Amino acid sequence: MNPTDYSALDETLEAMDAMGPDLSNGFSNHAPMAIEAMCAVGRGDAVMPWFERYRHSLTPRRARVARLTDESWRVALGDQRRTEDWFEFFRNELEEHAWQSVLDTWAARLAPGLMAAATHGVIRTGHATRALAVEETPARRRELADGLAYWAAEYLPLPASRHAVARVKPSQAIARVQMIPLEIRRSNSGAFTDALAQLDSFPPFNETLDAVDSSGDAGAFLSDLTATFARVFLANAHDVYTTIAFVHAVTGPSALRPLIPYLRDKTVHDALAYAWQTAAAMYATFGTRTDLSRFGETKVESKDELIDRAIVCGDEHAIKFTEVCLREHALKPDPAFLAAAAHAIQMLSAT
């Protein structure tokens with residue numbers, strides 16, 4: 001594997017300065033996230049060829065609506081029209097304060113809406129944070145502003161009734177998550193957030209947030225959470241739509257890992273609970289299979305082989321998911337991570 005080199009990230013972030021969070025097809029702009037992932041695994045050499053193919057689908061930034069202030073920001077949470085207002089707000093915050101301080105303050109405020117843009121807000125923030133931790137550059141600070149702005153503008157809290165927290169791990173609590181019955185489930189083929197709206201009228205999901213104990217070791221909780229949903233992915237990713245849905249049940253929670261060193265303990269534990277709730281929401285909405293124990297182990301010659309396969313595939317989700325699976329596997333080895341990455345590459349290669 002090549003040494004980590006983030007120069008390609010800075011170059012492409014400068015090229016995307018005028019570009020917004022959307023693609024021409026209405027989906028999220030994944031370029032900053034996928035490119036940072038390639039740099040993180042030492043494949044900066046693959047960035048420019050990939051970016052040249054991807055950039056034709058980028059769209060300009062949205063128009064501004066009105067200036068946000070410390071007094072007015074609450075009314076703009078979850079207002080998708082206000083992405084650029086939020087960007088200006090966070091760019092000013094990051095000029096006046098250390099990025100670590102801004103991240104700590106706003107991760108606490110935004111954690112309940114972690115499902116924002118099907119978790120792309122927190123994912124983009126996580127990639128930006130990891131890049132900033134390597135080196136501070138103006139482009140990376142701007143990218144953090146973009147990530148936080150996307151999270152805030154797309155802020156999406158999930159239904160929850162608060163009660164006593166259960167003293168179990170995600171791997172134990174997953175068996176208690178009820179899926180929306182197929183006979184009343186709407187056809188899931190459009191935007192993920194539209195499908196997730198069904199949870200508002202599905203009372204069993206209200207108990208999900210407090211079904212786990214996130215008060216202990218944050219790293220261990222996150223390892224258990226991502227390994228659990230790698231298994232959920234393997235059991236339930238049976239076409240391109242469900243593959244992309246369940247990719248985010250792993251990459252969304254894992255995006256918190258780069259943030260953890262800069263957050264207060266309470267913020268960390270609250271955010272981890274919301275990450276569990278967010279992943280469980282994907283399972284309740286899109287899941288069909290509850291047996292998470294059966295999957296074939298994947299023979300991988302090396303990490304580089306899996307990375308090469310993801311880059312050849314070219315799909316942004318395959319690239320990001322492979323990087324996350326390899327990172328989580330390195331922290332706490334689990335064959336489900338390697339199998340999940342290989343399955344995602346196979347499923348998404350057809351696209």
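Select Glu14 and Arg142 to start: their side chains form a salt bridge, with N and O 3.5 Å apart. Glu14 sits in helix 1 and Arg142 in helix 7, so the tour opens on a pair that links distant parts of the chain, 128 residues apart. The model is predicted. Colour the two by accessibility: Glu14 is partly exposed at 45% relative accessible area, whereas Arg142 is buried at 14%.

Stay on helix 1, residues 7-15, and show the side chains of Ala8, Leu9, Asp10, Thr12 and Leu13, which are buried. Then display what surrounds them. The buried residues of this helix pack against helix 2 (31-40), helix 3 (47-54), helix 6 (120-134) and helix 7 (138-153).

Next, select Arg82 and Asp85. The closest N and O atoms of this salt bridge are 2.3 Å apart. Arg82 is buried at 9% relative accessibility, and Asp85 is buried too, at 4%.

Move on to Glu328 and Arg257, whose side chains meet in a salt bridge at 2.8 Å, N to O. Glu328 belongs to helix 14 (residues 316-331), while Arg257 is in the loop between helix 11 (240-254) and helix 12 (265-286), so the pair ties together parts 71 residues apart in sequence. Glu328 counts as buried at 1% relative accessibility, as does Arg257 at 16%.

For the last stop, select Arg61, Glu84, Arg124, Glu143 and Asp146 together; salt bridges link them in a network. To list the rest, apply a cut-off of 4 Å between a side-chain nitrogen of Lys or Arg and a carboxyl oxygen of Asp or Glu. The count by this rule is 28 salt bridges.

Definitions and conventions. Residues numbered from 1 in each chain as written. Predicted model: local features only at pLDDT ≥ 70, side-chain atom pairs only at ≥ 80, totals over all residues. Heavy atoms only, no water. Buried < 20%, exposed > 50% of the residue type's maximum accessible area, 1.4 Å probe, protein only. Helix = DSSP H or I, 4+ residues; strand = E, 2+ residues; numbered from the N terminus. Contact = heavy atoms within 4.5 Å.
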